Amino acid sequence: MCTRYGPPDVVAVADVATPEARENEVLVRVVATTVNRTDCGYRAAKPFILRFFTGLRRPRRTVLGTEFAGEIEAVGGAVTSFEVGDRVFGYLEGPFGAHAEYLTVREDASVATMPAGSTFEEAAASTEGSHYALANIRAAKIGGGQDVLVHGATGAIGSAAVQLLTSLGAHVTAVCGADHVALVERLGADRVIDSGAADFTKDEKTYDVVFDAVGKSSFGRCRRLLKPKGIYLSTGLGPFPQNPILALVTPLLRGKRVVFPIPRHDRELLEDTKELLESGAFTPVIDRRYPLEEIVDAYRYVETGQKIGNVVIDLVGGADQPR
Ligand SMILES: NC(=O)c1ccc[n+]([C@@H]2O[C@H](COP(=O)([O-])OP(=O)(O)OC[C@H]3O[C@@H](n4cnc5c(N)ncnc54)[C@H](OP(=O)(O)O)[C@@H]3O)[C@@H](O)[C@H]2O)c1
């Protein structure tokens with residue numbers, strides 16, 4: 001539970017009553033969830049603007065957690081698309097509540113039956129990174145044959161982006177630390193720039209799209225990397241924070257531009273992710289696993305900014321095993 005905004009220490013494990021499914025809801029016994037950068041942002045209320053959505057002085061939702069996979073234990077009277085015993089996964093940015101043994105979810109929310117062949121932890125770790133990666137890839141209309149540079153290719157979003165872009169037939173140049181070059185090549189990157197050995201913004205090649213999946217660069221620094229009609233994408237607002245404004249202004253100049261989508265959180269995007277998992281086009285990278293009791297340590301680790309892909313919370317033990 002997280003009853004005030006602040007550092008990882010504001011999170012405490014507590015016993016609460018099991019929620020009851022309303023008419024249009026299902027009750028899920030959560031097997032696996034994650035701690036991701038979205039949870040960290042809402043927990044710390046950074047950027048400050050998040051407080052306008054989640055409570056000005058303190059969080060209205062006290063149980064965070066956006067990604068989940070588990071089994072349905074009860075269904076409300078009006079539910080038609082799920083049954084008790086169904087294995088489901090989903091993404092709940094806004095409602096939250098996945099950092100708990102039990103969770104109620106509206107039937108029409110971003111919830112679907114588990115992808116065939118995925119473990120609970122893979123399903124849980126598949127939604128946030130791919131969600132932001134897909135939203136950006138689609139907003140920029142990236143297709144086969146395009147040259148794309150992905151900065152931060154080892155993060156949850158970056159590692160999903162490299163796989164999804166490769167499956168679309170784009171030519172991917174990925175930027176990451178020396179220790180992660182082999183991983184990023186396995187994910188499908190055609191070329192990898194070791195960020196410790198070279199400044200990617202000085203690269204000689206030009207790109208149709210530069211996707212800063214870790215949100216640490218700026219349009220100004222990446223501009224020279226772009227082809228004349230090239231697009232700059234970033235998961236961050238930018239240092240000033242200018243990206244949303246540049247996304248409104250730069251299209252008017254008809255040259256290089258910034259695209260900054262506001263992703264929608266719906267079932268359609270989740271069903272698309274399910275298809276990508278089932279086809280093998282996307283497999284989430286999993287870094288560490290923690291039991292629920294150690295969730296504060298999981299937050300501390302994610303907050304180092306050095307996680308590789310995703311950090312899983314295994315609520316029952318063995319969420320990585322096929323069932
Ligand atoms: N728009 C939104 O609402 C939204 C939602 C979720 C996340 N985000 C933002 O998206 C970003 C990425 O999240 P994520 O979970 O995908 O990433 P992440 O997992 O936190 O990324 C970690 C990886 O990024 C690389 N990295 C760390 N600091 C870096 C730096 N200063 N410059 C370049 N690379 C660096 C490191 O890999 P190497 O050692 O290989 O370089 C590290 O392993 C975060 O900044 C987060 O706040 C935004």
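**A colleague's note on the salt bridges and the ligand site**

1. The count of salt bridges here comes to 16. Please keep in mind as you read that this is a predicted model.

2. Let me start with the pair in helix 10, which spans residues 295–303. R300 forms a salt bridge with D297, and the closest N and O atoms are 2.9 Å apart. Why are these two separated by about one helical turn? Because R300 and D297 are three residues apart in helix 10. On accessibility, R300 is partly exposed, with a relative accessible area of 40%. D297 also counts as partly exposed, at 34% relative accessibility.

3. Next comes the bridge between R264 and D266, whose side chains meet with an N to O distance of 2.5 Å. R264 has 41% relative accessibility and so counts as partly exposed. For D266 the figure is 24%; the cut-off for buried is under 20%, so D266 counts as partly exposed.

4. D199 and K202 give another salt bridge, at 3.2 Å from N to O. Are its two partners buried or exposed? D199 is partly exposed, at 34% relative accessibility, whereas K202 is exposed, with a relative accessible area of 57%.

5. Salt bridges also join up into a network here. Its members are D147, K205, D208 and K227. If you plan to go through the charged residues, these four can be viewed together, as they are linked by salt bridges.

6. Now to the ligand. There are 21 residues around the ligand, and T154, I157, G177, H180 and K307 come nearest. By class, this shell has seven nonpolar, 10 polar and four charged residues. Which helices each supply at least two residues of the shell? They are helix 1 (37–44), helix 4 (128–139) and helix 5 (156–168).

7. In H180, an N or O atom of the side chain is 2.7 Å from an oxygen atom of the ligand. In G177, a polar backbone atom is 2.8 Å from a ligand oxygen atom. In T235, a polar side-chain atom lies 3.1 Å from an oxygen atom of the ligand. As for cover, the ligand has 930 Å² of accessible area on its own, and the protein covers 78% of that.

8. Is G41 buried or exposed? At 12% relative accessibility, below the 20% cut-off, G41 counts as buried. The C-alpha atoms of G41 and V88 are separated by 25 Å, and the two residues are 47 residues apart along the chain.

9. F48 is in the loop between helix 1 and helix 2 (51–54). With 51% relative accessibility, where exposed means over 50%, F48 counts as exposed. F48 also belongs to a nonpolar surface patch of about 590 Å², which it makes with I49, F52, F53 and L56.

Terms used:
Residues are numbered from 1 along each chain as its sequence is written. This is a predicted model: local features need pLDDT of at least 70, side-chain atom pairs count only at pLDDT 80 or more; totals for chains, interfaces and linings use all residues. Side-chain values use heavy atoms; hydrogens and water are left out. A residue is near a molecule or strand if one of its heavy atoms lies within 4 Å of it. A polar contact is a pair of N or O atoms within 3.5 Å; within protein, one must be able to donate a hydrogen and the other to accept it, and residues adjacent in sequence count only if both atoms are side-chain atoms. Accessible areas come from the Shrake-Rupley method with a 1.4 Å probe; for residues, only the protein chains shown count as cover. Helices (H or I, at least four residues) and strands (E, at least two) are DSSP runs, numbered from the N terminus. Ala, Val, Leu, Ile, Met, Phe, Trp, Tyr, Cys and Pro count as nonpolar, Asp, Glu, Lys and Arg as charged, and the others, Gly among them, as polar. Patches are made of residues with over 30% relative accessible area and no salt bridge: like charges are joined within 9 Å, nonpolar side chains (Val, Leu, Ile, Met, Phe, Trp, Tyr) within 5 Å. Buried means under 20% relative accessible area, exposed over 50%, partly exposed in between (1.4 Å probe, protein chains only).
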